[in-house]
Protein chains: 2
Amino acid sequence: MALIVQKFGGTSVGSVERIQQVAEKIKKFRENGDDIVVVVSAMSGETNRLIDLAKQITNGKPVPRELDMMVSTGEQVTIALLAMALITRGVPAVSFTGNQVRILTDSTHTKARILQIDAQKIGAELKMGKVVVVAGFQGVDEHGNITTLGRGGSDTTGVALAAALKADECQIYTDVDGVYTTDPRVVPKARRLERITFEEMLEMASLGSKVLQIRSVEFAGKYNVPLRVLHSFQEGPGTLITLDEEESMEQPIISGIAFNRDESKLTIRGVPDTPGVAFKILGPISAANIEVDMIVQNVSHDNTTDFTFTVNNPDYENALGILQGIADEIGAREVKGNVSIAKVSIVGVGMRSHAGVASRMFEALAKEGINIQMISTSEIKVSVVVEEKYLELAVRALHTAFELDAPDHRQDA
Amino acid sequence: MALIVQKFGGTSVGSVERIQQVAEKIKKFRENGDDIVVVVSAMSGETNRLIDLAKQITNGKPVPRELDMMVSTGEQVTIALLAMALITRGVPAVSFTGNQVRILTDSTHTKARILQIDAQKIGAELKMGKVVVVAGFQGVDEHGNITTLGRGGSDTTGVALAAALKADECQIYTDVDGVYTTDPRVVPKARRLERITFEEMLEMASLGSKVLQIRSVEFAGKYNVPLRVLHSFQEGPGTLITLDEEESMEQPIISGIAFNRDESKLTIRGVPDTPGVAFKILGPISAANIEVDMIVQNVSHDNTTDFTFTVNNPDYENALGILQGIADEIGAREVKGNVSIAKVSIVGVGMRSHAGVASRMFEALAKEGINIQMISTSEIKVSVVVEEKYLELAVRALHTAFELDAPDHRQDA
């Protein structure tokens with residue numbers, strides 16, 4: 001008998017009919033003898049409806065504490081509905097808010113972090129044979145104020161509960177049937193992965209594969225909670241996200257190809273190469289709340305260097321203006337920007353032990369005549385920036401080069 | 001500087017615009033230097049929407065604990081919106097759920113009773129100069145389960161908070177500008193009362209003047225909380241409901257005329273007049289959860305008596321069937337029923353010290369040729385049952401006979 005934490009997102013509980021389907025699904029798990037803790041989000045659309053009301057009443061500037069008070073009701077409705085759907089089916093169940101199971105967070109309203117969970121209350125209800133339904137996305141601070149974890153926080157609630165309860169698995173039900181080698185809309189031959197490591201998943205997620213919230217994957221990795229991504233309404237094993245330990249002999253070098261077309265590139269040229277110059281450039285950018293992704297600085301010539309970084313598209317104009325000012329101040333030669341770029345990354349723990357992965361990547365791109373504008377690497381990832389129009393071509397070329405393509409069933413016959 | 005508890009119902013906070021209006025109103029009170037605790041209901045329609053969802057998911061049989069979990073979110077949204085509206089206007093404010101201010105109730109879900117309120121938290125926030133906005137209608141039991149007080153329970157929350165905080169006044173804002181001598185739709189000359197006692201208000205309310213929830217008036221009387229009924233969006237002094245103490249010299253004998261056309265009359269004739277017969281008749285009626293209002297039994301003839309009582313119209317058929325069975329069992333002569341009746345009552349603490357009030361009532365009705373079918377009296381009330389078609393005529397005749405008519409302004413000129 002296993003203890004499983006299951007998380008269902010907003011679209012999975014978006015209507016009375018869907019909640020009934022989720023209840024049926026849970027009932028079957030119970031009949032298999034598993035102990036089940038369910039975490040649910042608000043019905044899809046509900047959180048936005050509430051935020052809209054708050055904006056109307058505050059001329060667009062909701063008060064964070066009160067906003068949390070309000071939007072946390074979305075999940076509270078869903079837990080009650082799901083518990084009722086289960087009880088109506090003869091499955092004993094009970095619902096709890098974040099406060100009731102003491103999901104203690106810090107006091108950073110609208111993006112609080114979980115500090116501690118009291119597993120006792122849930123444990124007692126499980127012992128009585130009940131399915132325990134917990135509101136995702138919400139907690140309570142030490143003063144009793146209701147907090148929320150920010151968008152997608154229900155994944156984090158699921159993982160945190162699984163960690164606190166020492167659950168055998170945390171299952172995240174969503175609208176895809178697993179994690180893919182890359183986006184199937186770009187590469188029709190993309191394959192569902194049976195397994196992926198936490199680290200790989202982090203790289204995939206942060207690079208634009210939006211299956212799971214990054215924080216929940218970090219959390220799962222930190223507490224070693226096996227995480228499984230599954231489709232809410234289709235059967236299938238999904239993708240298991242775990243530690244690296246059970247590495248199989250045939251582990252591929254690369255697990256997947258991630259990409260992001262929503263970034264822009266900024267370059268400041270002819271920067272006097274003195275200590276502290278990187279901070280002088282990035283300090284004002286970060287002070288303006290602009291997130292920077294890739295940063296590349298190359299060796300200097302004639303005591304000057306070039307400094308390039310990427311930002312999200314909506315921040316581009318703002319970042320460009322700031323950078324012009326900095327260039328004048330520090331005496332740099334010029335500032336250049338480009339919004340027509342895309343980032344493509346290969347991700348895989350396998351590359352740690354395989355030499356030549358990067359060169360194989362560059363070779364594949366060169367064969368297609370794709371010029372590389374920037375390169376950045378980590379232990380399990382190589383990212384390149386290319387001209388945006390080459391994005392699909394680059395992803396497909398790399399998917400084939402690293403032998404990720406699904407077998408062609410026509411040839412099997 | 002007074003401490004005032006103000007309660008706004010669902011229609012008063014039924015839209016963003018109305019919440020803004022309520023916030024403006026509260027802001028003015030604050031500027032006068034009063035400390036304000038506000039109790040609000042869910043936005044009108046919201047509670048029904050949630051109950052509907054619960055019914056859909058449970059084939060019409062919602063689970064009480066989960067239903068409370070769900071419908072309590074209605075008020076939670078309103079408190080947050082009102083607090084935000086206040087803060088946006090520069091009025092410091094903070095919202096609290098029933099749980100957060102420890103409105104401790106018993107565990108009778110969907111109709112819980114308040115046991116205790118912790119006034120400390122609210123007191124601390126008031127000291128910091130904040131308007132405290134509390135969710136009406138909800139509480140928490142000793143195990144931390146969310147409970148609700150039943151329909152109209154927000155009035156009770158307001159009064160209970162006023163009692164716990166020793167507030168100077170509890171103001172109930174509603175869609176009428178006070179308590180009237182009778183229904184102005186029946187008697188155009190009906191007047192707003194400046195004052196009425198708790199006892200009178202209880203008699204008026206239970207007899208069909210649905211301005212305030214009965215429980216809240218009982219509560220206010222028990223803890224001597226001055227209660228004022230006011231219009232949400234019109235200026236005016238409203239009606240103050242207090243103890244009898246400050247009785248003025250000119251206190252009228254009768255404060256108001258209440259009436260109810262939603263009752264039916266049942267008579268069992270020729271009942272053997274033996275001890276315990278009243279229980280034999282009413283026991284099964286009450287066992288069937290039928291509420292009985294007036295009960296009249298007259299002196300017996302030939303060792304048999306007649307027994308008459310009234311029930312709410314929806315219970316009439318059921319009660320009639322039960323009564324037939326009882327008649328057979330105890331050997332009564334016959335059972336008769338009548339749905340075309342109405343109850344008219346005169347209410348006033350003044351009648352305690354004035355003889356002849358009842359006879360003055362009967363005289364006024366006789367003058368109009370209205371036959372009285374039943375009479376029942378209490379210390380501050382005389383009720384009669386008349387044929388339904390005479391209801392309006394009876395109320396107008398009594399309103400004039402007891403000098404309740406508003407002065408005719410045409411004659412003043």
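A polar contact is a pair of N or O atoms within 3.5 Å; within protein, one must be able to donate a hydrogen and the other to accept it, and residues adjacent in sequence count only if both atoms are side-chain atoms. One such contact, of 2.2 Å, joins the side chains of Lys343(A) and Asp293(A). The structure is a predicted model, in which local features need pLDDT of at least 70, side-chain atom pairs count only at pLDDT 80 or more, and totals for chains, interfaces and linings use all residues. Residues are numbered from 1 along each chain as its sequence is written, chains are lettered from A and ligands numbered from 1 in the order in which they are written, and side-chain values use heavy atoms, with hydrogens and water left out.

Lys343(A) is found in strand S18 (residues 341-347) of chain A. Helices (H or I, at least four residues) and strands (E, at least two) are DSSP runs, numbered from the N terminus. Lys343(A) is buried, with a relative accessible area of 4%. Buried here means under 20% relative accessible area, exposed means over 50%, and partly exposed lies in between (1.4 Å probe, protein chains only). Lys343(A) also belongs to a network of salt bridges, considered below.

The interface takes 43 residues from chain B and 43 residues from chain A, where contact means heavy atoms within 4.5 Å. The copies meet through the same surface, because 100% of the interface residues of chain B are also interface residues in chain A. About 3200 Å² is buried between the chains, and carbon and sulfur atoms give 65% of this area. Buried area is the accessible area (1.4 Å probe) that two parts lose on being put together, summed over both. Ile57(B), Glu66(B) and Met84(B) supply 21% of the area that chain B buries against chain A, more than any other three residues.

Twelve residue pairs are in polar contact across the interface, with both residues at pLDDT 80 or more. Zero salt bridges are found there. A salt bridge is a side-chain nitrogen of Lys or Arg within 4 Å of a carboxyl oxygen of Asp or Glu. On the side of chain B that touches chain A, H1, helix H2 (46-57), helix H3 (64-88) and strand S3 (93-96) each supply at least two residues. H3(B) gives the most, with 17 residues.

Helix H1 of chain B covers residues 16-31. Its 16 residues should span 22 Å at 1.5 Å a residue, and the end C-alpha atoms are 23 Å apart, which agrees. The expected span is 1.5 Å times one less than the number of residues. Buried residues of H1(B) include Val16(B), Ile19(B), Ala23(B), Ile26(B) and Phe29(B). Gln20(B) and Lys25(B) are also buried. Just after the helix, Gly33(B) takes a positive phi of about 95°.

Over all chains, the structure holds 34 salt bridges. In chain A, the side chains of Arg89(A) and Glu24(A) meet at 2.6 Å, N to O. This pair links distant parts of the chain, 65 residues apart: Arg89(A) is in the loop between helix H3 (64-88) and strand S3 (93-96), and Glu24(A) is in helix H1 (residues 16-31). Glu24(A) is partly exposed, at 35% relative accessible area.

In chain B, Arg192(B) and Glu194(B) form a salt bridge of 3.3 Å, N to O. Arg192(B) is partly exposed, at 22%, whereas Glu194(B) is exposed, at 51%. Glu403(B) and Arg360(B) form another salt bridge, at 3.8 Å, N to O. Glu403(B) lies in the loop between helix H11 (391-401) and helix H12 (409-412), and Arg360(B) in helix H10 (residues 357-367), so the pair ties together parts that are 43 residues apart in sequence. Glu403(B) is exposed, at 61%; Arg360(B) is partly exposed, at 28%. In chain A, salt bridges that share partners join Glu263(A), Asp293(A) and Lys343(A) into one network.
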